[in-house]
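Good morning, everyone, and thank you for coming. I would like to walk you slowly through one structure today, so please keep the display in view while I talk.

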Amino acid sequence: MILEVASLMVRPGEQPAFERAFARAEPLFRDAAGYLSHELRRSVENEHHYALLIEWRRLEDHTMAFRRSHAFERLRDLLQGFLLTAPDVEHFQAVAMPSSGLHLAD
């Protein structure tokens with residue numbers, strides 16, 4: 001499993017409209033081959049900063065298949081106008097998994 005982490009900086013005052021557009025865009029990646037799950041989070045410290053976390057079965061499901069698809073073009077069209085800069089995207093693979101439901105902050 002690969003975790004895509006996209007850092008998104010939304011134009012000030014555009015957060016509600018961005019979140020509505022994102023809701024319309026969700027089926028575009030949810031229906032993609034290799035898609036497993038996603039989550040959109042807004043920063044507590046900076047309300048303009050969002051983190052989009054998408055789990056893919058394989059790296060190529062995102063980088064080769066999805067990014068070359070019509071769905072990706074549509075996603076970009078729906079969200080690009082709300083962003084201050086191009087998204088910063090990285091892919092992560094697990095090197096350690098939690099062994100219990102306990103968290104360090106608990």
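Predicted model: local features only at pLDDT ≥ 70, side-chain atom pairs only at ≥ 80, totals over all residues.

Along its principal axes, the C-alpha trace of the chain spans about 40 × 35 × 20 Å. The chain has 106 residues, of which 28% count as buried, and its accessible surface comes to about 7,200 Å², with 53% of that surface belonging to carbon and sulfur atoms. If we take the contacts between residues at least 6 apart in sequence, 71% of them join residues that are at least 24 apart.

Strand 1, residues 2-9, is joined to strand 3 by eight bridges, and the two run antiparallel. Within this pairing, Ala6 has Leu52 of strand 3 as its bridge partner, while Leu8 is partnered by Tyr50. Strand 1 also pairs with strand 4, residues 88-93, through six bridges, again in an antiparallel arrangement, and here Leu3 stands opposite Phe92. Strand 2, which covers residues 35-42, runs antiparallel to strand 3 and is joined to it by seven bridges. These two strands form a hairpin, with six residues between them, and in their pairing Glu39 stands opposite Leu53.

In soluble globular proteins, nonpolar side chains tend to be buried together. In this model, the largest nonpolar core has 21 residues, and those with the most contacts inside it are Leu8, Phe18, Phe29, Trp56, Phe66, Leu75 and Leu79. At least two residues of this core come from each of strand 1, helix 1 (15-30), strand 3 (49-56) and helix 3 (70-79), and helix 1 gives the most, with five residues.

Leu8, once we leave aside its neighbours within four places in sequence, is in contact with Phe18, Leu40, His48, His49, Tyr50, Leu52, Leu83 and Pro87. Phe18 is found in helix 1, and we call Phe18 buried because its relative accessible area is 0%, while the cut-off for that word is under 20%. With the sequence neighbours within four places again set aside, Phe18 is in contact with Leu8, Val10, Leu40, Tyr50, Leu79, Phe82 and Leu83. Of these, Phe82 is 64 residues away from Phe18 in sequence, yet the two lie 6.1 Å apart in space, C-alpha to C-alpha.

Finally, I would like to set two other residues side by side. His62 lies in helix 2, residues 59-66, and, with a relative accessible area of 2%, His62 is buried. Leaving out neighbours within four places in sequence, His62 is in contact with Glu4, Trp56, Arg67, Val89 and His91. Ala33, for its part, is found in the loop between helix 1 and strand 2. Is Ala33 buried or exposed? Ala33 counts as exposed, because its relative accessibility is 56% and the word applies to values over 50%. Even so, Ala33 touches Trp56 and Asp61, not counting residues up to four places away in sequence. Ala33 and Phe66 are 33 residues apart in sequence, and their C-alpha atoms are 7.7 Å apart in space.

Definitions and conventions. Residues numbered from 1 in each chain as written. Heavy atoms only, no water. Buried < 20%, exposed > 50% of the residue type's maximum accessible area, 1.4 Å probe, protein only. Contact = heavy atoms within 4.5 Å. Areas by Shrake-Rupley, 256 points an atom, 1.4 Å probe, with all protein chains shown as cover. Core = buried A, V, L, I, M, F, W, Y, C linked by side-chain atoms within 4.5 Å. Helix = DSSP H or I, 4+ residues; strand = E, 2+ residues; numbered from the N terminus. Pairing = 2+ DSSP bridges.
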